[in-house]
Amino acid sequence: MNIHNPAPAPDRKTAVDVVPRQRAWRYPVPSAARRYVAPVLFALIAGIDGLGTSIAFAALIFAGPLAAGFSMGVGVILMSSIVMALWIALRSRYPSSIGQVQEASIAILATAIATATLQLELAPEEVKVATAFAILGSSAVVTGVVFWLFGLGRFGRLVRFMPYPVVAGFLAGSGWLLIQGAVMMIIGDRNLVDLLVRPEGQQAVANLYVAVVFAIVMVFALRRSTSPLTMPLVLLGGGLLFYGMLAVIGVDSEQARAMQWLPAMPSGPGFALPQPLEIVSTANWSVVLQAMPAIISVALLGMVGLLLNTSGLEVATRQEIDADAELRTTGIANIVAGGFGGAPGFTGLSMTLLANRMGAKARSVGIATALMLALMLPFAGELAGAMPTFVAAGLMIALGVELIQDWLWRTRTQLPRMEWLVVLAIPLGMAAFGFMGGMALGLALSIASFVYNYARLSVIRVNASLRERKSSIDRPPAENSLIELEGEQVQVLELQEFLFFGTAEQIIEAIRRRQQDRSRLSLRFVVIDFRRVSGMDAAAAATFVKIRNLLAGSEVELVFSSLSPEIEQALARNGIDFVSDPSVGRERDLDHALERCEERLIAAISREDTWQDIEDYFAQTIGPSARLKDLVASMEEIRLQPGDRFIRAGEPGEDLFLLWTGRAKVEAVLANGKRLRLRTVKPGVVLGEIAIYRGGPRTADVVAEVPSTVYRLARRQLRYLEQADPELALLVHRLCATTLAERLTIANRVVQSLHE
């Protein structure tokens, strides 16, 4: 299955960014100065954006029982953004790539960390915080290792086989997790009664209401404005309005913190990063291991996001980018970030394209962004403590709404209904059963949808009889007539694609319908050809045992052809006996299987019952005539030994031949000198009828395989008869026309069978 991307267009960075809807936003900066000014201007915007989202991400993760790690969480996520921006700027194949921590990953990890914290309810505070950083850092390390290994093995293209509805559903589900996390950030674990009755609960509801209003303002502003300053200005405006309100009502910061308007700050220094050794020694690693499914899903979802962002960047910039090199580069950055408990991330498409629009297209733009974030890092704790809770929660809600809008709402018109229902089921499953439940539901529905859709594809390429699918043996008209009459007793099934339990039932149904068709002759043979079959699972192999039992009860022989060693072994393991079972046959290819059935059908008719001599043959082929004896006299009898070549490729086509006794083969010489057998010729077949009219060189050799007799009529002799004896010449033309009509009829039936 490749990922089909209907290209929804997020306004901001998402886990899988695509080309944004923004109009080209240009600064009136002279081209000479733009080289230096544009990176600084962009770095200022990116710095504000990175700081705001880092605080919001940390508030989402380090809330309630983990509040003691909030300031360190801000520093860690901000430090991760610095590592991503700097390393990707230095090593990316696209110079102005901007690395970022992605919100979809944070949404999944926040849920995993919250679940882990519940398991550590009785553990000391430092164990809970250390475990949270261990999960965060492990996710970055696992993401980095997966990225690096896939990039090293140049397997980046394989991730595109991940079903698109699953990717879109996970991203929409991540949006729900962001919204859910933002709500829990404000109301905590209070129940409904507490929220409605107790004063602190009512205060939390009021704070949530303000956060929702701020989120609506943020979404509206991002939808209405194309300026990259929109989000920073809304964040700044919300903060100024908040502090202006505090000044008017006379509330200081400590009172605001008590009312949950500002985040609770732990005692101690304002800025600190967790110590890696302390994380390793303090964290509960059994709980970290239980979060591994979420960690792995972050890695896989991140890889899809990086590769789709790379593809979007190639489209937007019309520049080819080595996706595997990007995986290796981003993998190293994630491993470094994970070493100090940081968060995973990768190149953000929207920010990278924004830098291009501003004229910042060199590696300096990413370096400047990293430096700007580094300047903010020492003050991250103070800035985090000063950001109003409703601003952080409102930002998370706005980002969640954007993800749901882009990956759930828009895809409803871009995906088939069944695929969109898979997208819808994942966020609904996450809401009802949690992250792991939603992920399991999404994968299960995706697999079921795949099986259902794939099972609808026909694995039967051709379903015909021997009348439409003859072997390559050239037979006389009498034998062809017999096959025409009796060929319906043979069903020929040419299979294709991969056979599994969902498609193998089609084969049984096709055979069962043919057996029940009373308007046709009863079956004697069923030929199943595997030349175009790529593989088969055990359930499909067991299906052919059912077919064998179904046919054996009706005394119908089952003939397999073109079996690969793997498929033959699978059939044998499941009970198909190719050695001693008389109802099962095996041929190396379809042509030999068809020949086998043809020979069985005509075995009861001897040559003597077909014609007595050559005059009798002509009478049965072109009709009775008093001149048949003269026709035989006009032809030259030639006796051949095995290996004699009576038609040679490249020689002029000047003769008409009738193979009277023996057997011959038609073969061509390949470019490497090897000879390829094209078909077998049996007695009563006319050869060279086309060349007798068109002339030109012969295209293949015809060689006697056994002692044989042929009759030859030279082209010049035919031209002489046309002048001297038109009646006799007419018999020759009738013979050629009959032969051509016979072959055209067979060819038309083959073409028709391939298009039914």
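**Strand β5 and its sheet**

Trainee: What makes strand β5 (residues 525–536) count as mostly covered?

Mentor: Nine of the twelve residues in β5 are buried, where buried means under 20% relative accessible area (1.4 Å probe, protein chains only). The strand itself is a DSSP run of E, at least two residues long, while helices are runs of H or I of at least four, all numbered from the N terminus. Please keep in mind that this is a predicted model, in which local features need pLDDT of at least 70 and side-chain atom pairs count only at pLDDT 80 or more, whereas totals for chains, interfaces and linings use all residues. Residues are numbered from 1 along each chain as its sequence is written, and side-chain values use heavy atoms, with hydrogens and water left out.

Trainee: How do you know that β4 (residues 490–499) and β5 pair?

Mentor: Pairing requires that DSSP finds at least two bridges between the strands. β4 and β5 have nine, in the parallel sense, so they pair by that rule. V492 stands opposite V527 in β5, and Q491 has V526 as its bridge partner there.

Trainee: And what joins β5 to β6 (residues 557–561)?

Mentor: Five bridges, and these two strands also run parallel. Here V526 stands opposite L558 in β6.

Trainee: Why is the β-α-β unit of β4, helix α20 (residues 504–516) and β5 called right-handed?

Mentor: The word applies if, with the strands pointing away from the viewer, the path from the first strand over the helix to the second runs clockwise. The unit of β4, α20 and β5 is right-handed, which means its path runs clockwise in that view. The chain then crosses from β5 through helix α21 (residues 538–552) to β6, again in a right-handed crossover.

Trainee: What makes β3 (460–465) and β7 (584–587) edge strands?

Mentor: The open sheet has the order β3-β4-β5-β6-β7, with mixed pairing. β3 and β7 each have a single partner strand, so one side of each lacks a neighbour in the sheet. On average, neighbouring strands are turned by 20° against each other, direction ignored.

Trainee: How do you know that α21 packs on this sheet?

Mentor: Contact means heavy atoms within 4.5 Å, and α21 touches β4, β5, β6 and β7. Its direction makes about 180° with that of β5.

Key. Buried < 20%, exposed > 50% of the residue type's maximum accessible area, 1.4 Å probe, protein only. Axes fitted to C-alpha atoms, helices over the stretch in contact; angles between N-to-C directions.
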